[in-house]
Amino acid sequence: MAIKLPAVDIVLVGMGWTGGIIAKELADTGLKIVGLERGADRSTAEDFSTPGNHDELRYAVRFDLMQNTARETLTFRHSVDQTALPMRQLGSFLPGEGLGGAGVHWNGVTWRWLPWDHEPAKRTATRYGRDAAPPEMRLQDWGISYDELEPYYDKFEYTCAVSGKAGNLGGKIVAGGNPFEGPRKREYPNPPLPGSHAGRLFTKAADSLGYHPFPSPAANASRAYVNPDGVQYGQCHICGYCERFGCEADAKASPHFTMFPLARKNPNFVLRTNSRVLKVLLDSTGRRATGVTYIDPRGREVEQPAGLVILSAFALNNVHLMLWSGIGKPYDPRTGEGVVGRNYGYQIGGGANVFFDERTIMNPFMGAGAMATGIDDFNGDNFDHLKFGFIGGGGISCSSAGGRPIQYRPVPPGTPLWGTDWKRAVKRHYNHTLYIGNQGSVMGYRHNYLDLDPTYRDAFGRPLLRMTFDYHENEKKQANFIADQCVKLGEAMGAERVARIAPPSRYSIVPYQSTHNTGGAIIGTDPKTSALNRYLQCWDVPNVFVTGASAFPQNAGRNPTGPVGALAYWAAEAIKTRYLKAPSPLVPA
Amino acid sequence: MSDESGVGRRAFFKTVGAAAALPLVSLPSAEAQTHDHGAPPPAPGTAYLFLTGPEAAFMEAAVDVFIPKDDVGPGGVESGCVVFIDRQLAGAWGKGARLYLQGPFGDSKSEQGYQLPLAPADLIRIGIADVDAWCRANRDGRTFTQLTATERDALLKVLIEGGNIELAQVPGRTFTGMLLNATLEGYFADPIYGGNRDKGVWKMIGFPGAGGMFAHLIDEYRNKPYTVEPQGIADLG
């Protein structure tokens, strides 16, 4: 029998970036808000101080800050005719666990997605005609344009101390920035990070080929900074321990120090950690949520009634909760009907390793998670992609995120797996190599989707989420084309050897690729093809909002945290100024 | 490659002679106690937590193939890779603490990842027994540690490439892959875990370790060698 707690106004499920943003933004409403987090409480001083946080084995290899797959995981298959099997350990992507979620261990790469990424259907039809996209591809517009979202991108960047260089100020192209970005109202809050030698070599090569290199936007503060909420950032140490680690300097933006201390100042906000939400409860009509149940640290099932439920967990976990709770109609790939689980997306890689002589010195350990130089010449529709046989594109980056040696040991193809010749190659190339990589977009497809697994269960007795996903010809063409561009960039550097890294022909759940899982609870303008309206509100259960990358109808060629943060601010404002005043659908269905 | 008799073989014989001196703490389980020879403790005042004596000798023999002692840099055995692997197998990772181990198990595609019903420590223990059994049957009654370095290298290559050697119980490729990965982790990890002794591996590649703060140095050392004595977590704590 569940323990039933007194009702509150709002319950938030998952305390990462989006849960943090909404908790902080709504904390001053005077409403009673409960935030539930499955993992532990965290603070910089207690959990991320040096030297212990600079432990590659513990954090980067054994995944100390990540979801524990013994308790919760998913199953995976390529296609509907296969049997999905459990992801028994983490690999391809790394959802976080604990206060701050994946916002603790990310790199800090904070893009604005291109205007095209927000409305690819409309813009593709305008540029190429209505029938340009292959029939199995499901390009969908968000129902929000880039221009509408611009102030919220801005807000997230200033909150996160982003270091970068504007390329388009109010429509005016600015030298040194990304000329392909959508117009922004003002500069980044901080100047770019200093950049590495690899970045300099990339810039020179990109210039020589007529491209438009620029420093990547980094939520790694290039100088000490106080954000608009009064939160103090330290200057980034360029220590090379960002991705998979917590930052000791509060230089990498994370909700654990930017959002929750502010939310917790308000006594109306209560944070309950080690509290794993099992289900959203619906009333007998199925059209209204009444609260959630969770398991507390003593193993008791607790019911938390609430007037408004906000799912702010990791993208995949949001979709899992919706499916298990019966929120919205599950997507069925046979009929193409239903919305929850629809348009699951990922990204596609590939690129080039560039091996230099021993006089060219990279010092790869002098890095920061988001310290990179890139070009957007082949991203989105910044080029005539259909001329090359595909829709979409990818951002190309030369990143200097660190040189931690369990994971960073570039060697040329043909190097033996072990022995003296292997060791000689590791030693020879460690300090004299750079990598140019593509982050390729992946569009929505009829047979790439999420549902509940019929066989496997989690530690709490729930069916696991089932992922059915593989790459399509459009994405493979795109990734191979962009890998070729990476090779050309490498060849323009005067290196000893350029080794092409082929994009995958099939998706694998095994090697790490990116934690950029998208879709499954997508936004849109039509309740038949989207689970959420443009304010992240469920069409079918209007007192449930769902934040995070699960909202993206397709994946783009750059990291998703920028649009995730912007959308959370956008939704928080709509909830605060409109929904709470008159709880009802914010868009008529 | 080391001499034909091989470190593994040396360790094996040393092992037999040292069995009587083994402290009791090196025998954590009844299973371990059934073996009547053990490896010498990995360093004065320490002992193996998981590996039996013959298993430790097997590990030395494999690690010595993966990362031999040579003029390029430290060997895996002298760096403490076997100590590292032993501790990892005895700890949370070895016991599969974060591994989803619910069935059903069965046929899978490689893109679906690890699908054995075994924690790493189980896989390593069974795999060692399998490889030894294969060696006895196919290599004149010798165990893996008694093979020459060249023979061990050739056998491990066939196994990791998924060649035509079928082990009795576990897939050779999965077992050998895990053994190699664990060896490399120990070789490159912070010395607090028992490998990378004296940060010799970090010195070899020029990695400064756990304490780097380069905001004030990155401009000065751009495209210039930055050579310092590496520091591990224990040096900084």
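**View 1. Arg276(A) bridges to Ile295(A) in this predicted model.** Ile295(A) lies in S13(A). The two strands shown are S12 (residues 276-282) and S13 (residues 289-295) of chain A. Their pairing is antiparallel and runs over six bridges. Six residues sit between the strands of this hairpin. Among the hairpin residues, Gly286(A) adopts a positive phi near 75°.

**View 2. S13(A) also pairs with strand S14 (residues 301-311) of chain A.** These strands run antiparallel and are joined by five bridges. Tyr294(A) has Val302(A) as its bridge partner in S14(A). The hairpin of S13(A) and S14(A) has five residues between the strands. Gly299(A) takes a positive phi near 85° in this hairpin.

**View 3. Four strands of chain A form an open sheet.** The strand order is S5-S4-S21-S20, and the pairing is mixed. S5 and S20 of chain A stand at the edges. Each has a single partner strand, so one side of each lacks a neighbour in the sheet. Strands of a sheet pair through backbone hydrogen bonds.

**View 4. S20(A) pairs with strand S21 (residues 463-468) of chain A.** Five bridges link the two strands in the antiparallel sense. Leu452(A) finds its bridge partner in S21(A), at Leu465(A).

**View 5. Leu465(A) is buried in the model.** This residue belongs to strand S21 of chain A. Around Leu465(A), 28 other C-beta atoms lie within 10 Å. The cut-off for a buried residue is 20 or more, so Leu465(A) qualifies. Leaving aside neighbours within four places in sequence, Leu465(A) is in contact with Leu74(A), Leu316(A), Val319(A), His320(A), Leu450(A), Leu452(A) and Asp453(A). Leu452(A), one of these contacts, is also the bridge partner of Leu465(A). Glu72(A) is 393 residues away along the chain from Leu465(A), yet their C-alpha atoms are separated by 9.2 Å.

**View 6. Chain A meets chain B through 55 residues of chain A and 50 residues of chain B.** On the chain A side, at least two residues each come from helix H3 (56-61), strand S5 (85-86), helix H12 (420-429) and strand S20 (449-457). H12(A) gives the largest share of that side, five residues. By residue class, the chain A side divides into 26 nonpolar, 21 polar and eight charged.

How values were computed
Residues numbered from 1 in each chain as written. Chains lettered and ligands numbered in written order. Predicted model: local features only at pLDDT ≥ 70, side-chain atom pairs only at ≥ 80, totals over all residues. Contact = placed C-beta atoms within 7 Å. Nonpolar A, V, L, I, M, F, W, Y, C, P; charged D, E, K, R; others polar. Pairing = 2+ DSSP bridges. Buried ≥ 20, exposed ≤ 12 C-beta atoms within 10 Å, placed from the backbone.
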